[in-house]
Amino acid sequence: MTLQRRHFLALGAAGAAAATLSRPDSAAAAGLASTEIRYLTGADRDTPVDWDFMVSSGRRSGVWSSIPTPSQWECEGFGTYRWGWNLAPEEIGHYRHSFTVPGSWKDRRTYLVFEGSMTDTEVWLNGESAGPKHQGGFYRFRYDVTGKLLPGASNLLEVTVARESADESINRAERMGDYWNFSGIYRPVYLQSEPMEAVDRLAVDARADGSFAVDTYLTGVTTADRVIAQIRRLDGTPVGSRFSASIDGQEKVTVRTTIDRPDLWSAETPNLYQVEVTLASKADWLHTTSARFGFRTIEVRAGDGVYVNGAKIVFKGVCRHTSWPTSGRTSSKKLTRDDISLIKEMNMNAVRMSHYPPDTHFLDRCDEVGLYVLDELGGWQKKYDEGVAAPLVKSMVTRDVNHPSIVFWDNGNEGGWNTALDDDFALYDPQQRKVLHPWANFSDINTDHYETYDSTRRILEGTTIFMPTEYLHGLYDGGHGAGLDDYWKLLGERPLSAGGFLWSFADEGVVREDLDGRMDVNGNQAPDGIIGPFREKEASFFTIKDIWSPIQTTLPPELPTDFTGDLPIVNRYAFTNTSDCRFEWSLIDYAGPADRRTGHTVRVAGAAKRLDLAAGHAGVLPLRLPSNWRRHDALAVAVTDPTGRQIARWVWPTKSAADHARALVRPGRGSVDAVATEDGITLRAGKTGVTIDAHTARLTGVTYGGLPISLSNGPAPATGTAALRSLSHGAEGRAYVVRAEYDGGLASVQWRLQPSGWLQLDYSYDLTGSHDYFGVNFDYPQAKVEGVKWLGRGPYRVWQNRMRGVVTDVWAKDFNDTATGAEGWTYPEFKGYHADLHWAVLRTVEGPITVVTEDNGLFLRLFTPKNGVDPRNTAVPFPAGDLSFLDAIPAIGTKFDPAVALGPQSQPAVATGPYHHTLHFKFGR
């Protein structure tokens with residue numbers, strides 16, 4: 001069979017040494033021996049290699065076939081799907097694969113390396129056991145197969161993988177977690193061939209002051225007498241001189257140097273270097289390995305905070321599982337790039353590797369683009385026994401030690417830590433990074449999970465650093481962005497806060513081949529993400545991006561009348577000056593209801609002068625707007641970071657809802673006919689006919705061109721009831737008016753039909769006290785709706801505690817019935833509450849229904865969305881009816897907490913009536 005092949009100068013401890021690195025000058029002449037890597041599987045899920053395979057039970061069991069490798073066998077049509085604690089110990093996977101290697105390998109040491117296999121794995125090469133059974137599904141392991149390999153001939157590799165472990169502590173720690181349990185060889189398998197005398201691995205300690213040391217672990221040394229090192233930039237340029245140390249019979253040699261003023265690594269400045277370490281004798285260069293690293297210093301200052309390179313850091317983080325609906329935990333470099341791009345797009349600077357160490361390429365990418373990482377040993381609420389766990393700690397730390405992105409090691413999760421392992425991390429980490437117990441107070445950091453807003457405030461008034469490694473637990477559309485604005489006023493600003501990590505990144509749905517391709521999220525267990533299973537962006541994605549932008553403005557959403565173009569901003573970076581960012585403004589005009597297009601047109605644009613504002617400071621940015629800037633519909637300001645990525649865009653309308661109403665609504669010429677009966681008053685103007693109920697003064701019927709339009713039963717009070725007290729009607733000029741007075745939830749209603757067909761509704765109500773929502777409702781059958789176009793904040797729906805991240809523009813969306821995270825992942829959701837309505841056109845099978853408001857700040861409610869299974873605190877109250885125009889809407893909770901526990905914006909709205917509003921309706925085209 002064909003092998004995938006790559007050459008490396010060496011495979012370092014991180015398993016990610018770059019190909020064709022430049023050598024020391026004399027090494028090239030000496031014919032330096034290199035480490036050679038040959039993949040037996042594909043390098044990732046995007047380049048699999050077929051192996052022979054048979055599973056013992058479940059789908060397609062008992063017969064040999066083939067399986068793309070690496071993969072999870074459930075996702076390839078074998079075995080059974082199981083969630084967490086639902087084990088399947090009877091499932092065993094059997095693999096076979098034949099391969100050849102060069103005859104030149106006979107004088108070299110060769111390792112057979114597995115990057116990850118779930119779970120207990122036994123290996124035979126050419127009929128001979130490769131070594132002891134490996135236990136632990138998330139960790140690299142290897143066998144020295146030098147004496148078992150047949151160079152230049154065919155070799156047979158046989159692997160047996162037990163879905164569950166024979167060690168109960170491994171099952172408790174890894175297989176009884178809150179995630180899908182997958183099986184099989186899911187990360188790459190390869191051969192690693194190197195000289196008999198070799199550098200086995202490196203462990204780097206590079207500090208912000210330029211001090212550098214690398215622990216060099218050697219194997220097979222007989223003639224070598226020294227270790228020589230050279231630091232280089234990634235383009236191969238030497239940095240400083242070579243430095244060396246004698247071996248003197250040691251298996252571990254530390255070589256040291258100091259670099260003058262290195263470029264430091266941080267999430268904002270991900271500057272990387274590489275170190276080449278050569279094993280040499282007096283006669284020859286024997287072997288070289290390399291590792292990427294960054295100069296940076298991490299400090300936990302008790303009772304103060306977490307510091308990187310002397311700057312206090314606030315972690316804006318998320319918890320991530322490795323998952324994809326069609327490949328399970330089998331990942332790829334592309335998926336890594338895409339996921340990290342999404343994380344960075346949300347203005348996050350940190351990611352927690354819950355609840356197991358990730359693929360090495362994920363950590364490589366975090367190093368490259370700048371993300372702080374919590375690297376985590378398995379243990380979801382249950383711990384490993386020390387005997388089986390100690391080798392796993394060694395495997396994780398020695399693999400990952402050189403990644404500058406890793407700032408903490410996590411020993412398990414939520415009680416899943418074995419405290420006997422706490423000291424083991426330092427055995428392999430010369431940087432001595434702190435070990436955390438996520439959910440506990442350990443290493444001078446309180447990481448407690450799912451504190452309420454009030455308990456978070458109390459903790460931050462104490463004496464211990466607070467950094468929740470999970471908070472605002474998502475479920476369906478709750479959590480994440482909902483509540484974050486209030487939480488971040490604590491976690492982002494209080495002196496003892498080090499930020500925190502939202503749960504979680506993505507809904508972990510699985511496409512079930514055995515369920516006709518249905519996406520399975522296991523009830524309410526898996527839909528915890530900010531994004532959907534295929535990375536569909538939910539509304540919280542944009543809320544988080546807005547709140548966590550490192551550049552913020554204190555200008556309110558409604559532009560002050562005295563605003564002249566001086567924009568107040570706050571620089572919340574830790575290192576970056578705003579002079580390295582770009583601020584661009586534009587003056588825009590919106591599309592109208594009758595236009596075929598949506599969005600806006602940029603009329604004038606410009607760039608603000610660069611502002612010298614250091615990290616952590618506030619200042620004023622002069623935009624230098626033209627004198628007539630208020631003639632346009634809105635002012636927009638976009639901010640891009642030093643890499644050119646847009647981190648914020650703010651829009652301030654310069655025209656009110658009343659301004660738009662005056663431009664759109666015309667009384668028209670002609671007259672209005674009226675026919676009054678005992679049951680109602682029917683008004684006609686041109687093609688438009690409306691009927692007002694004589695007993696309620698509600699709209700009961702609409703026709704356009706003689707055909708019915710089903711809008712009815714409004715305005716009905718969203719809160720309380722209304723009893724008609726009086727009704728009057730009559731012509732006023734060219735219009736016809738119906739007036740009503742009420743007792744209860746409405747005070748008054750006035751209908752005015754103009755000759756143009758515009759139907760004006762003026763209504764008022766007087767309400768005080770706390771309520772979930774208040775305003776007025778109408779009925780309209782959702783089965784007749786095709787879509788909506790509107791001017792307001794969008795395109796996503798909002799909740800009372802998730803108002804940020806939506807932007808004023810002309811938006812459009814087709815009707816969908818998405819139950820967020822449960823049934824379908826079509827976003828933006830059609831149904832729900834929409835903020836700051838100016839006008840809307842409801843597209844229906846009966847023709848368009850246009851509504852225009854004269855009042856800023858109204859919410860448009862479009863029908864009632866479906867809930868997922870067991871929605872907990874995310875089932876939000878909705879008023880009766882189908883379409884509503886509201887002055888207040890409710891908040892949404894999280895999986896664990898009701899909305900009222902999430903802070904000031906999550907409390908029921910307080911009515912301070914009276915309220916007076918004007919709506920205009922137009923039917924047909």
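Which helices and strands each supply at least two residues of the lining of the second largest pocket? They are β25 (311-312), α3 (333-345), α8 and β38 (566-571), where helices (H or I, at least four residues) and strands (E, at least two) are DSSP runs numbered from the N terminus. This is a predicted model, in which local features need pLDDT of at least 70 and side-chain atom pairs count only at pLDDT 80 or more, while totals for chains, interfaces and linings use all residues. Residues are numbered from 1 along each chain as its sequence is written, and side-chain values use heavy atoms, with hydrogens and water left out.

The second largest pocket has a volume of about 880 Å³, and of its 39 lining residues the closest to the centre are E268, K316, R572, Y573 and A574. A pocket here is an open set of points on a 1 Å grid over the protein atoms alone, where a 1.4 Å probe fits, with protein on both sides within 12 Å along at least five of seven lines; lining residues have an atom within 4 Å of a point.

Helix α8 (residues 484-491) also packs with helix α7 (residues 453-460), at an angle of about 5° and with the axes 10 Å apart. That angle makes α7 roughly parallel to α8, a term for angles under 35 degrees. In this contact (heavy atoms within 4.5 Å), Y453, T456, R457 and L460 of α7 meet D486, Y487, L490 and L491 of α8.

Elsewhere, an open sheet of 6 strands runs β30-β29-β28-β27-β26-β34 with parallel pairing, two strands being paired if DSSP finds at least two bridges between them. β30 (435-436) and β34 (499-502) stand at the edges, each with a single partner strand, so one side of each lacks a neighbour in the sheet.

Methods:
Axes fitted to C-alpha atoms, helices over the stretch in contact; angles between N-to-C directions. Parallel < 35°, antiparallel > 145°, perpendicular 65-115°, else oblique. Points joined across faces, edges and corners; volume = space filled by probe spheres on them.
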